[in-house]
Amino acid sequence: MTRQLADSALSTASPSWEDALKSARLGLRRQGLAPATCAPAMACVQVALQRTSRWQLHPLQMLTASHLLDQHLVEMATGEGKTLAMAAAACIAAMAGVPVHVVTANDYLAERDAQALQALAGALGLRVGHVAPGMAPDARREAYGLEIVFATARELAFDHLRDGLALPGSGHERPVLRGLCMALLDEADSILLDEAVVPLVISGSLPEKPAQQAARRALWWQARQLAQALRKGTHFELQSGPPDARLTEAGRAEAARLAQALDGPWLRPGIRHELLRLALTAQHALHRDRHYLVRERRIELLDQLTGRVAVGRAWTQGLQALVELKEGCPPSAPTDTLAQITFQRFFQRYWHLAGLSGTLREARVELREVYGLAVRRMPLRRPSLRQDGPTRSFPSAEARWQAVAMMASHLRARGRPVLIGTDTVPDSERLSWHLGQQGVPHTVLNARHDRQEADIISQAGRAGQVTVATRMAGRGTDIALDQAALTAGGLHVIHCQRNESRRMDRQLLGRAARQGQPGSTETWICSANFQDSHTVGASMLTSCSTSVTESVTRTASWWRRVTVQLHQWIEEQRQSAMRRHLLKQDRQWEVRAQQARR
């Protein structure tokens with residue numbers, strides 16, 4: 001029905017473009033985003049798109065845009081044209097007079113997509129801008145005053161928190177946002193789920209006298225010294241999920257014995273146990289180049305979802321100070337929480353919320369319960385030609401990297417581009433060493449090379465190109481293949497990541513064989529990863545994985561997949577429970593903050 005209405009409106013729009021555009025805008029402002037008013041507006045978007053570029057909307061993109069305007073989440077496979085569908089929905093909403101926030105996966109995509117939409121939006125009489133880290137309040141206010149603004153979820157949420165502090169008499173500047181009207185989320189599952197496990201906090205520095213500084217540093221030094229005397233497995237255990245440690249009963253008794261010579265807070269068991277928990281977490285659960293980088297004697301946290309540096313993010317409750325002490329970095333000033341919010345509570349405040357992603361169906365129940373959004377799945381425009389190879393298992397990481405290097409050398413000789421997904425910076429660099437030993441030219445994309453991300457991705461589709469990437473390379477960017485690469489068989493993806501969810505697997509594997517192109521994938525797991533895992537049921541899965549490797553190859557491959565998926569299912573349930581608990585805590589914090597303000 002939407003396509004028929006759009007085609008009808010398009011035929012009437014052609015003779016007088018200005019009249020059709022004016023009529024569509026007037027209809028939207030009078031009657032809102034109803035199907036009968038959205039169809040003529042869709043036709044105007046189609047005409048503007050044809051006039052400003054060589055692209056045009058196909059029926060699935062029109063249907064996707066209409067679902068977004070109906071406040072749905074839409075699962076659309078990678079490479080099927082999500083960017084244009086999102087642009088069409090944003091333009092139609094903006095024509096109706098609704099301020100639109102298009103939420104992207106990272107700052108680079110916010111700037112890139114805003115620039116790409118300039119011509120189309122200009123033809124429709126709309127203005128587009130973007131918000132980037134480091135922008136001054138006046139520049140932000142100007143950007144938010146435009147009809148369509150692109151930004152990351154973090155920038156929007158922190159601006160919302162800062163605006164909440166900009167109340168009369170608070171001493172803060174006037175607000176920069178003009179309300180939370182409509183948010184269209186690109187890579188919606190990443191924003192609503194994967195990034196929603198950590199609250200967003202605005203902190204203020206606390207004034208501290210030299211004596212207080214010395215006492216605080218002495219306290220953290222004592223905690224670190226006592227923690228080093230405790231033994232893993234006997235005195236403490238590392239927890240699954242976010243890095244954390246827990247004292248055992250034996251550990252509590254040993255901590256009391258070790259702290260006998262100390263005074264002050266060490267005499268109180270509750271404070272003593274918390275200090276040691278933080279010190280053990282910093283020492284044993286947080287790892288350099290995996291959870292953080294050290295640059296210019298400063299700790300920079302890594303986003304565990306993307307592998308990128310999380311600009312401006314810091315740990316709280318003394319954990320930051322303990323990691324700085326561990327790495328020999330100058331201590332940062334203590335802070336106090338001024339405001340906080342979770343992505344769950346933030347996006348619930350929008351009047352109109354919708355989004356797109358290639359991977360939504362696994363989390364559709366949680367998305368409906370938390371955000372009240374239904375998931376709609378779009379079919380493929382062209383049949384998929386992707387060939388998925390069997391799942392292979394290796395006893396150690398070194399054995400796997402050697403095999404990956406040999407496979408990459410073989411595929412490169414055939415002229416095929418290869419994308420290899422790894423978990424961490426050390427993994428990518430170790431694989432890079434093995435590729436060098438095999439004489440395979442390649443590029444590495446991880447948090448150390450994040451500034452070159454666009455250039456690396458733009459070249460990843462060339463014939464014979466080998467790209468090693470952490471989790472940075474899967475979202476929001478397109479690997480364009482040249483003709484020689486297509487002739488050779490398309491992109492080959494080797495999946496070596498230990499992802500916490502099935503969605504993240506599909507994101508990486510979905511890089512191959514887009515839009516009906518040829519391509520292939522393989523999943524190579526390391527059984528040692530299961531042995532190192534603290535997830536409930538990991539020991540059972542490890543023994544299962546070890547036993548099936550002795551079976552027939554096809555059966556073993558099937559069992560390995562089942563092993564990984566069961567492991568992921570357990571982790572998905574744990575992550576979902578953690579997000580619900582975080583939302584509950586956030587609501588409680590808000591209630592206490594409101595009571596304190598009274």
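Let's start with strand 19, residues 491-495: five of its five residues are buried, meaning under 20% relative accessible area with a 1.4 Å probe and protein chains only, where exposed is over 50% and partly exposed lies in between. Strands here are DSSP E runs of at least two residues, helices are H or I runs of at least four, and both are numbered from the N terminus.

A word on the source. This is a predicted model, where local features need pLDDT of at least 70 and side-chain atom pairs count only at pLDDT 80 or more, while totals for chains, interfaces and linings use all residues. Residues are numbered from 1 along each chain as its sequence is written, and side-chain values use heavy atoms, with hydrogens and water left out.

Back to strand 19. Leu491, Val493 and His495 point one way, His492 and Ile494 the other, and all are buried. In general, side chains in a regular strand alternate between the two faces of the sheet.

Now the neighbours. Strand 16, residues 418-421, runs parallel to strand 19, with four bridges joining them; pairing takes at least two DSSP bridges. Leu419 has Val493 as its bridge partner. On to strand 20, residues 518-526: five bridges, again parallel to strand 19. Here Ile494 stands opposite Glu522.

Last, Arg579. Where does Arg579 sit? In helix 23, residues 553-597. Arg579 counts as buried because its relative accessibility is 7%. Leaving out residues up to four places away in sequence, Arg579 touches Leu193, Ala196, Val197, Gln344 and Glu366; contact means heavy atoms within 4.5 Å. A polar atom of the Arg579 side chain lies 3.4 Å from the backbone oxygen of Leu193.

Note on methods: A polar contact is a pair of N or O atoms within 3.5 Å; within protein, one must be able to donate a hydrogen and the other to accept it, and residues adjacent in sequence count only if both atoms are side-chain atoms.
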